[in-house]
Amino acid sequence: MATENGPVMVAEPVVALERPVALPVQTALVPRSPSVVARIGDGLAKGLLLSTGAAVGAQIAMRVDAQLNPHPLPHQMAALLESPVRLAYRNVGDALGLYGIEAGMTTLDLGCGTGLFTEELGRMVGPTGIVYGADIQSAMVEATRKRMVAAGLADRGALHHTGAYSLPLDDGCIDVAILIATLGEIPDRLHALLELQRVIRPGGRLAISEEMPHPSYMAGRSVRRFAAEAGFVFAGKTGNPFCYHMVFTRP
Ligand SMILES: C[S@@+](CC[C@H](N)C(=O)[O-])C[C@H]1O[C@@H](n2cnc3c(N)ncnc32)[C@H](O)[C@@H]1O
């Protein structure tokens, strides 16, 4: 066939287009539907992220609240005091050994909670010693009472349902008082420490221990400041910021 420009060349028309063509790029662009396993994995990862975020948020909220508005750990959460996680870093006997508890002593566990430390105190002071427990929540006092009865130690002391500002104890009757994870829950720390100063005998000891998982955790320097203000003399510290023990003497 001819045109104005000369003959038309028709070279290899349709045949070339009909050859199979490899289209690697195009293939890669086609979205593949994820497998069921991948979708489950995705869902789990998102769920984990969300629950971790919620747990961290709840922890922060609890801590801010506890610092702005000190209050007792609700007795409904008492199981936390004896959770395996806590017992992994809290060795009750070792702690009381650090505080110099001996047979025949008169001791006080202020903020006794479920009696985790009260029971061991009762054992360490022996039949000639005395252990007082005090707590602002009656449910906690009851838990400690049951525990002491079950351990056969009920006759070694007395438990009081009372706040820290006015203890039903005579002046200077205590050799060693302990405050475990409790000072930060008391709104007027100085008031509580002055009351302890009253009931601890001259030369007696006050042991304070704090642990980070507790929302009302108090840093060591803050504890030292309050104790000094109440007239206690710093005698030593052991542990680490996560869980530490401080001992003070009453001049
Ligand atoms: C975190 S718990 C620790 C219990 C226990 N010392 C232990 O370590 O297993 C603190 C306890 O202190 C008590 N508490 C808080 N404020 C108090 C106050 N003002 N007077 C007496 N007890 C108080 C709470 O009721 C609670 O049982």
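Student: What pLDDT does the chain average, and what share of the residues score at least 70?

Tutor: This is a predicted model, so start with confidence. The chain averages a pLDDT of 89, and 87% of the residues score at least 70. Residues 1–18 are another matter: there the pLDDT is below 50. That stretch has four contacts in the model beyond near neighbours in sequence.

Student: How many helices and strands are in the chain?

Tutor: Nine helices and nine strands. Next, look at how the chain connects. Take the contacts with a separation of 6 or more: 72% of them join residues 24 or more positions apart.

Student: Which helix should I examine, and what length does α3 reach?

Tutor: Take α3, residues 36–68. General idea first. An α-helix has 3.6 residues a turn, so residues three or four places apart point the same way. Now the case. Helix α3 has 33 residues and reaches 48 Å from its first C-alpha to its last. That is close to the 48 Å expected at 1.5 Å a residue.

Student: How many residues of α3 count as buried?

Tutor: Zero, among its 33 residues. The helix α3 is hardly covered. For the chain of 251 residues, 33% count as buried.

Student: Where is the largest nonpolar core, and which residues touch the most other members?

Tutor: The general idea: in soluble globular proteins, nonpolar side chains tend to be buried together. Here the largest nonpolar core has 48 residues. Tyr-99, Val-176, Ala-177, Ile-178, Leu-196 and Leu-206 touch the most other members. Strand β6, residues 174–180, gives the largest share of this core, with six residues. Take Leu-196 as one example. Setting aside residues up to four places away in sequence, Leu-196 touches Leu-110, Ala-177 and Leu-206.

Student: Is Ala-181 buried or exposed?

Tutor: Buried, because 24 other C-beta atoms lie within 10 Å. The cut-off for buried is 20 or more.

Student: How many residues surround the ligand, and which are the closest?

Tutor: 21 residues surround the ligand. The closest are Pro-72, Gly-111, Gly-113, Ala-164 and Ile-180. Then ask which elements contribute. Those giving two or more residues to the shell are α6 (116–125) and β4 (130–135).

Student: What is the make-up of the shell by class?

Tutor: The shell around the ligand has 13 nonpolar, six polar and two charged residues.

How values were computed: Residues numbered from 1 in each chain as written. Predicted model: local features only at pLDDT ≥ 70, side-chain atom pairs only at ≥ 80, totals over all residues. Near = placed C-beta within 6 Å. Helix = DSSP H or I, 4+ residues; strand = E, 2+ residues; numbered from the N terminus. Nonpolar A, V, L, I, M, F, W, Y, C, P; charged D, E, K, R; others polar. Core = buried A, V, L, I, M, F, W, Y, C linked by C-beta atoms within 7 Å. Buried ≥ 20, exposed ≤ 12 C-beta atoms within 10 Å, placed from the backbone. Contact = placed C-beta atoms within 7 Å. pLDDT = per-residue confidence, 0-100. Expected span 1.5 Å × (residues − 1).
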